[in-house]
Amino acid sequence: MTKRHGYALLSAIVALIVGLSTAIYVGVTADDGTTTNALAGGGVPRNPAAPASTGTWVGAWSASPGGAEPGTEVEGMAGRSVRNVVHASVGGTSARITLSNLYGQSALTITHASIAVAAASETAAANAETMRRLTFNGGTAVVIPAGGQVLSDAVRIVVPQGGDILVTTYSPTASGPVTYHQHARQISYVAQGDLTEDVSGTGYTEQTPYWRYLTALDVLSNDADGTVVAFGDSLTDGITSTQGADHRWPDLLSERLRSAVASGRDVPRYSVVNQGISGNQVLADGLGRPADNQSGLLRFSRDALSRTNVKVVVIDLGVNDILRNPRLADPDKILTGLRTLVRQAHARGIKVIGATLMPFQGHRGYTAAREAVRQQVNAEIRAGRVYDAVVDFDQALRDPYNPRRLRADYDSGDHLHPSDKGYARMARTVDLDQLKGAAPAQL
């Protein structure tokens with residue numbers, strides 16, 4: 001340890017004791033948000049942990065836990081280092097992460113975790129100067145109960161706006177099913193043994209299309225005053241966008257907001273995080289206990305309302321309720337579910353913008369009866385009887401000569417999911433001025 005780091009560490013400890021800083025904390029919660037007991041391991045952090053006292057905590061990146069990873073039912077990721085690569089929508093001077101064991105059937109022991117800025121795109125190598133050891137309640141190890149999640153202490157690190165961040169965890173013991181997000185559209189890495197603080201990346205020989213355990217990255221930012229949560233299904237998850245290019249519509253909306261603020265426009269200074277899960281429905285859960293791909297109603301509080309400093313939620317959900325229902329979906333039930341989400345957000349003072357449902361003629365699930373249900377749902381949304389404000393994705397992406405299907409250049413080819421150009425059109429359709437203001441007292 002250098003003298004400079006030693007002084008920084010001493011100053012951090014003194015500041016913590018004297019100021020009783022609330023910026024550094026750990027919380028272990030169950031799926032319903034209630035506090036449960038967890039064990040934090042000992043050890044002294046190697047890197048300065050206390051964040052600067054200025055700025056606002058916002059979400060820089062997030063991903064919803066989507067299910068239990070197949071093939072991990074017994075061993076989990078025991079004896080391996082998991083290096084998740086995530087893209088920060090906003091920069092900051094300190095960071096903290098959330099790890100989830102929602103789908104674990106036993107406690108998950110993390111003995112070593114780190115965060116660093118990637119040395120370049122599409123690599124497991126880290127910028128050596130940015131490597132930081134993460135702690136949990138002051139210790140380098142933490143035990144996350146089955147069904148629980150944990151928030152790390154804050155650590156000083158300069159997170160670049162739009163940069164790739166490496167978050168690495170190591171678990172020495174079997175933990176059962178791994179909680180993962182299955183459609184990351186981003187390559188992450190795995191290494192044998194504890195290479196948590198390795199900066200070369202050479203040991204990370206296994207690539208993976210998943211994000212494991214990690215569900216959020218928050219930063220202490222001077223560039224943002226709050227967080228926008230994009231809440232939806234595969235259309236928000238961006239499963240047909242180019243891998244590694246960050247072309248999902250929430251990514252592109254984030255870029256639009258940054259550019260608008262930089263140009264001096266009077267728009268909110270918000271980060272944008274993505275809480276889409278492919279196949280997600282408003283009403284129905286997947287199989288299992290807890291259910292894989294939990295319904296929008298079940299996961300909304302955890303995945304949207306509990307994100308850091310949320311100001312606005314943009315909801316694009318309902319198409320799968322129509323397509324995946326073995327019988328003809330009831331539009332009134334879908335609308336009732338969406339209105340329930342809005343009421344929950346309003347109870348937290350959070351504004352809700354809702355999207356019309358985009359067309360899907362040509363997709364294998366299309367029928368005239370299902371199209372009629374989509375039209376009924378959209379009519380209520382456009383009439384202002386569901387959300388605080390509307391973003392009309394349907395009108396923006398449909399074929400003007402056949403409004404029951406996507407415009408050809410906006411179609412990825414499956415007649416349901418957009419192309420990169422289509423995702424860009426979705427991002428441009430959001431009226432940035434609608435992000436202003438808070439939830440009304442009554443919808």
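**Briefing: cores, ring pairs and helix packing**

W61 and W211 are both buried, where buried means under 20% relative accessible area, exposed means over 50% and partly exposed lies in between (1.4 Å probe, protein chains only). The model is predicted, so local features need pLDDT of at least 70 and side-chain atom pairs count only at pLDDT 80 or more, while totals for chains, interfaces and linings use all residues. Residues are numbered from 1 along each chain as its sequence is written, and side-chain values use heavy atoms, with hydrogens and water left out.

**Aromatic pairs**

- The structure holds 5 aromatic pairs; rings of Phe, Tyr and Trp (its six-membered ring) pair if their centres lie within 6.5 Å, with planes under 30 degrees apart counted as stacked, over 60 as edge-to-face and the rest as tilted.
- The ring centres of W61 and W211 are 5.0 Å apart and the planes stand at 80°, so this pair is edge-to-face.
- Because W61 belongs to strand β2 (residues 56-62) and W211 to strand β16 (residues 211-212), the pair ties together parts that are 150 residues apart in sequence; helices (H or I, at least four residues) and strands (E, at least two) are DSSP runs, numbered from the N terminus.
- Y180 and Y210 also form an edge-to-face pair, because their ring centres are 4.8 Å apart and their planes are at 85°.
- Y180 is in strand β13 (residues 179-181) and Y210 in the loop between β15 (206-208) and β16, so the pair links distant parts of the chain, 30 residues apart.
- Y180 is buried at 9% relative accessible area, whereas Y210, at 23%, counts as partly exposed.

**Charges over rings**

- R96 lies over the face of W57, 4.1 Å from the ring centre; the criterion is NZ of Lys or CZ of Arg within 6 Å of the ring centre and within 35 degrees of the ring normal.
- R407 lies over the face of Y410, at 4.1 Å from the ring centre.

**Nonpolar cores**

- The largest nonpolar core has 36 residues, of which L99, I115, I165 and L217 touch the most other members; a core is a set of buried Ala, Val, Leu, Ile, Met, Phe, Trp, Tyr and Cys residues joined through side-chain atoms within 4.5 Å.
- A second, separate core of 32 residues includes I315, I322, Y366 and V386.

**Helix α9**

- In α9 (residues 420-429), the residues G422, Y423, M426, A427 and T429 are buried.
- These residues sit on the same side of α9, because they cover an arc of only 160° around the axis, taken from the directions from the helix axis to the C-beta atoms.
- The buried residues of α9 pack against α2 (234-237), α3 (249-262), β20 (310-316), β22 (389-391) and α8 (393-397), with contact meaning heavy atoms within 4.5 Å.
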